[in-house]
Amino acid sequence: MVSDQESVRLIFGLKVKSLRQQLGLNYQQLSAATGMAVSYLHDIENGKKYPKADKIITLAKVLKVDYDYLVSLTGNKRLQPIIDLLNSDFIQMMPWEHFGLSPASLLELFANTPDKITAFISTLLKLSRSIQMSKENFYTSALRSYQDLHDNYFPDIEEAVKQARLNWKIDEENVPSVSSLEELLLQEYGVKIDRKLLGAKDVLKKVRSYYAPQKKKLYINKSFASSQEKFLIARELAFHFLQLEPRPLETILLHPASFEVLLNNFKASYFASALLMPEDHLTEAIQQVTRNLKWHEKEWVQLLQKYDVTPEMLMQRLTNLLPAHFGIDQLFFLRMSGNMDNMHFEMTKELHLSQLHSPYANVLQEHYCRRWIAIHAIEEVHKKVQTKKYKQPIVLAQISQYWQTHNRYFCITFAKPSGKNPSHFVSVTLGILIDPRLAISMPFVNDSSVPVRTVHTTCERCGITDCAERAAPPVFIESQKQEEMIAQALEQLK
C-alpha cells in the first residue's frame, strides 16, 4: 500500500521526468546542469528520493518551471489524471507488494504513455467515483484476485498445518472434536472459550465470535452446530500458531482496517479448513468419489459427515485442492442466499479461478436466472422444510449450458436452511468448466442422468423465449431490439 509520503515523492518524480523529457534532456545532461548524480536523479524520478529545498530550486531553474509547480500536488492537463490516480483511494488501498508490483513501475509506464492512455486513466477514475466502490469491496476484490493468482492453493499454509498436526499429535485419520480443539487452544495458548455472553445480549446475538486479546478469551455464539464451532476454534488456533498480525477480532469483517487484516483472516480460515480436512486425506477421498462413472449424491453428503464440516467449508476446500492435485483450475464458487417470502435471491460470495466465469454477482439488482442449480436447490430445501421432511443438507448436480456460448459447467450444489428464520435459505455451488480433460479425470460428468439446462445470468438480459421460470421480462434484450429497429429505419432514410 502507498502512504501519503510515498504519493508526494511519486508525484514529484513524475513531474521531473515529464519536464526532462519535454526538454529533450537525458540523465547525463540533467546531471551536468544541476550538479546532481545520475543515480540520485533516477531515484527522484522513481519516487525513492525527495530532494531538499535548495536542490528543488536548482531543478526548477533547469527545468524552466516555478518552484511552487514542482512541489504542488497538481500538474498540467496531461499529468493531472495520473496525479489524481496517485492520490486516489485505488492507489492507496491496492496491496501492490502481494501482486509483485510497485507504484513506481506503474508510474514509469504512465509517464511514457501517450495522451490517449492518460485520458483512459481519467475515465477509470470517473467510473470508480460513479459506482462508489467502497474500500471494503475493493479489499475483497483484491483478495479474490490474489487467490486467483495463486490458483487458491497455498503450499506454505498446507505445510504449516502438517507441522501443527505433528506438534499437537492430531492424526489425519481422526476427526478432531470440539472438546479436543477447545482443550488444545487452552493448553497451547491459554485462551478460554465463553459461549454465554454473545447470546445473553440482544445486540450481540448475530455476532458469531469475538476474541478479546487482553482477557485471552474467545466468545462464541452458542447457537452453532459442532462443525461451525470447530471451524471457529481452529481459526483461532491458526491466528496464534501462524502469529498473524494485524488480525481481526470478530468473525465477519464488515469494515477491515487494511488489506493485511483481510488477508490474514483468509490465511487463518484456510488453515482452519486444512486442519479439519487434511490435504492428503481429502485428496484421496475426492479421488475415490470422482472415479465413479455415475453421479452419486450420497457420496458427497458422506464427505460432510466424514469430516463433520459445513457444505461451504467443503466446497471452499475443493477450490484449494482441485487445481493443485487434479489440474482443474477452470472453476467458480458461489454462495446464494434466498428469502422465500419475497423470492429474493442474492449472491453473497463468489470466487473465479483462471477467468471470470458466467455466473457472477450483478450490482444492478436484476433477477438471477431461476434455472441456476443454486436457486433450484434452495427451492427444493424449502419444500422439504415445509413438508417437514428436511433432515440434512441436500446436494444436487446439473450441467449448465450458458445461452449462446460454448461454456458448459458441471455444477455441484449444497443447500440448507440459513439460521432459525424458516424463510431464509442458503446454497453453495462449485462449477467446473467441462472440457475433454475433465471428462477423463472425473468420469461422472458424462452421466446421462444428470440434468442439462440452458441458463443465463439474469432474466433482464436473457433472450430465451420459452422460459417457464422467468422472474422478470427481458427488458435489456427488448431495449437492444428497439435500438436496432431505430438504426434500420434511419438507414432506410439514406
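Let me start with two helices, α15, residues 259–276, and α18, residues 311–326. This is a predicted model, so please hear everything that follows as computed from that prediction. The axes of α15 and α18 come within 10 Å, and the crossing angle is roughly 100 degrees. Angles of 65 to 115 degrees count as roughly perpendicular, and therefore α15 and α18 are described as roughly perpendicular to each other.

Which residues make the contact? On the α15 side they are Tyr270, Ser273, Ala274 and Leu276. On the α18 side they are Met313, Arg317 and Asn320. Sorted by class, the contact of α15 with α18 has 4 nonpolar residues, 2 polar and 1 charged.

Now to the sheet. The sheet is open, has 3 strands, and reads β1-β3-β2 in order, with mixed pairing. At the edges are β1, residues 192–194, and β2, residues 209–212, each of which pairs on one side only. On average, and ignoring direction, neighbouring strands in this sheet are turned by 20 degrees against each other.

How do β2 and β3 run relative to one another, parallel or antiparallel? They run antiparallel, and 4 bridges join β2 to β3, where β3 covers residues 217–220.

Definitions and conventions. Residues numbered from 1 in each chain as written. Predicted model: local features only at pLDDT ≥ 70, side-chain atom pairs only at ≥ 80, totals over all residues. Heavy atoms only, no water. Axes fitted to C-alpha atoms, helices over the stretch in contact; angles between N-to-C directions. Parallel < 35°, antiparallel > 145°, perpendicular 65-115°, else oblique. Contact = heavy atoms within 4.5 Å. Nonpolar A, V, L, I, M, F, W, Y, C, P; charged D, E, K, R; others polar. Pairing = 2+ DSSP bridges.
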